[in-house]
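Welcome! Take a moment to look through the sequence and turn the model around before you try the exercises.

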Amino acid sequence: MAAWTWRFEKTDGAEVQPAVEPDEFTTQGDAESWIGEYWKDLLAGGTDQVRLFEDATEIYGPMSLHDAQKA
């Protein structure tokens, strides 16, 4: 079974500890729903952008949390 995970980063790509610890996700939809709920807390806690992985494969990113704030 695939594991979906987020990588939390500063703008320069350096990995950071997230302000909210993510669950373990078994689907892409679950992972995306979670980021939709917690992106403001992550941004406030120092995460600038995220990347989504399925196991070791990057699916997309970096996705700026600052851009979500403007929407």
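This is a predicted model: local features need pLDDT of at least 70, side-chain atom pairs count only at pLDDT 80 or more; totals for chains, interfaces and linings use all residues.

Residues are numbered from 1 along each chain as its sequence is written, and side-chain values use heavy atoms, with hydrogens and water left out.

**Exercise 1. The sheet and the helix**

Task: Work out the order of the strands in the sheet, and find how helix 1 lies against strand 1.

Solution: 
- Start with the terms: helices (H or I, at least four residues) and strands (E, at least two) are DSSP runs, numbered from the N terminus. Two strands pair if DSSP finds at least two bridges between them.
- Next, follow the sheet: 3 strands form an open sheet with the order 1-2-3 and antiparallel pairing.
- Now look at the edges. Strand 1 and strand 3 each have a single partner strand, so one side of each has no neighbour in the sheet.
- On average, neighbouring strands are turned by 20 degrees against each other, direction ignored.
- Zoom in on one pairing: strand 1 and strand 2 are joined by 6 bridges, and Trp6 stands opposite Leu52 in strand 2.
- Helix 1 lies across strand 1, strand 2 and strand 3, at about 25 degrees to strand 1. Here axes are lines fitted to C-alpha atoms, for helices over the stretch in contact, and angles run from 0 to 180 degrees between N-to-C directions.

**Exercise 2. Two aromatic pairs**

Task: Classify the ring pairs Trp6 with Tyr60 and Trp34 with Tyr38.

Solution: 
- Recall the rule: rings of Phe, Tyr and Trp (its six-membered ring) pair if their centres lie within 6.5 Å; planes under 30 degrees apart count as stacked, over 60 as edge-to-face and the rest as tilted.
- The structure holds 4 aromatic pairs. In one of them, the centres of Trp6 and Tyr60 are 6.2 Å apart and the planes stand at 70 degrees, so this pair is edge-to-face.
- Trp6 belongs to strand 1 (residues 4-9) and Tyr60 to strand 3 (residues 57-64), so the pair ties together parts 54 residues apart in sequence.
- For Trp34 and Tyr38, the centres are 5.1 Å apart and the planes at 35 degrees, so this pair is tilted.
- Trp34 and Tyr38 are 4 residues apart in helix 1 (residues 28-44), a separation of about one helical turn.
- To finish, Phe8, Phe25, Trp34 and Tyr38 form one aromatic cluster.

**Exercise 3. The nonpolar core**

Task: Find which residues of the largest nonpolar core touch the most other members.

Solution: 
- A nonpolar core is a set of buried Ala, Val, Leu, Ile, Met, Phe, Trp, Tyr and Cys residues joined through side-chain atoms within 4.5 Å.
- Of the 14 residues in this core, Trp6, Phe8, Trp34, Ile35 and Leu42 touch the most other members.
- Strand 1, helix 1 and strand 2 each give two or more residues, and helix 1 provides the largest share, 6 residues.
- As an example, leaving aside neighbours within four places in sequence, Ile35 is in contact (heavy atoms within 4.5 Å) with Trp6, Phe8, Leu42, Val50 and Met63.

**Exercise 4. The surroundings of Glu9**

Task: Describe the place and side-chain partners of Glu9.

Solution: 
- Glu9 lies in strand 1 and, at 2% relative accessibility, counts as buried.
- Its side chain makes polar contacts with the side chains of Arg7 (2.5 Å) and Gln49 (2.7 Å). A polar contact is a pair of N or O atoms within 3.5 Å; within protein, one must be able to donate a hydrogen and the other to accept it, and residues adjacent in sequence count only if both atoms are side-chain atoms.
- Beyond four places in sequence, the contacts of Glu9 include Pro62.
- Pro62 is found in strand 3, and the peptide bond from Gly61 to Pro62 is cis, with omega near 0 degrees.

Note on methods: Buried means under 20% relative accessible area, exposed over 50%, partly exposed in between (1.4 Å probe, protein chains only).
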